Amino acid sequence: MAVPAPIDLDPRTCSDVFRTPVGEPDRTPRHTIGEVAAASGLTAHTLRWYERIGLLDPVDRSASGQRRYNDADLHRLAFLGRLRLTGMTVADMLRYVELAREGDRTLEDRRDLLLAHREEVRQQVADLHATLAVLDHKIDLYAGRIAGSGPVR
């Protein structure tokens, strides 16, 4: 006789899932819009908008009609948040999500979209490093001037 798998009586919290979106997500609709907003830093309005425009799949509802998000929704939100942090446009994020919905036949297209975006991010990083060098130089000039060693340029 087969032994049933143990039931996880302590599922990860909404914040835990959002901060560390790893493993197979629990698809039980259990997180409220308030919990997801608090974990993600997004407003409830933005979460509803993401659903309306298609960045999120339609969210399950409780018997009273309240949205209930599952861990897979949080995984997607965490990934989308990282894409936004790198400056990806909502249109490109939506294109990525649409491709993902089409399944494995779009793997190459998704990879190409991410490769192109990675190049943009690398350029941003290079620009930030150059800007940081200018700031460091100016800070050093001010430090010298404060110490009385010459004019600031």
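This is a predicted model: local features need pLDDT of at least 70, side-chain atom pairs count only at pLDDT 80 or more; totals for chains, interfaces and linings use all residues.
1. The buried residues of helix H5 are covered by elements that include helix H3 (44-53), H4 and helix H6 (107-146), where covering rests on contact, meaning heavy atoms within 4.5 Å. The helices named here are DSSP runs (H or I, at least four residues), numbered from the N terminus. In H5 the buried residues are Met-93, Leu-94, Tyr-96, Val-97 and Leu-99, buried meaning under 20% relative accessible area, exposed over 50% and partly exposed in between (1.4 Å probe, protein chains only).

2. Residues are numbered from 1 along each chain as its sequence is written, and side-chain values use heavy atoms, with hydrogens and water left out.

3. The axes of helix H4 (residues 71-85) and helix H5 (residues 90-101) come within 10 Å and cross at roughly 145 degrees; axes are lines fitted to C-alpha atoms, for helices over the stretch in contact, and angles run from 0 to 180 degrees between N-to-C directions. On the H4 side, Arg-76, Phe-79, Leu-80, Leu-83 and Arg-84 meet Val-90, Met-93, Tyr-96, Val-97 and Arg-101 of H5.

4. H5, with 12 residues, reaches 16 Å from its first C-alpha to its last, close to the 16 Å expected at 1.5 Å a residue, the expected span being 1.5 Å times one less than the number of residues. After H5 comes Gly-103, whose phi is positive, near 90 degrees.

5. For H6, the 40 residues should span 58 Å at 1.5 Å a residue, and the end C-alpha atoms are 57 Å apart, which agrees. Its buried residues are Arg-110, Leu-113, His-117, Val-121 and Gly-144, and what covers them includes H4 and H5. Just after H6, Gly-148 has a positive phi of about 85 degrees.

6. Pro-21 lies in the loop between H1 and H2 and is partly exposed, with a relative accessible area of 29%. Although Pro-21 and Asp-71 are 50 residues apart in sequence, they are 8.2 Å apart in space, C-alpha to C-alpha. Leaving aside neighbours within four places in sequence, Pro-21 is in contact with His-75, Ala-78 and Arg-82.

Definitions and conventions. Helices (H or I, at least four residues) and strands (E, at least two) are DSSP runs, numbered from the N terminus.
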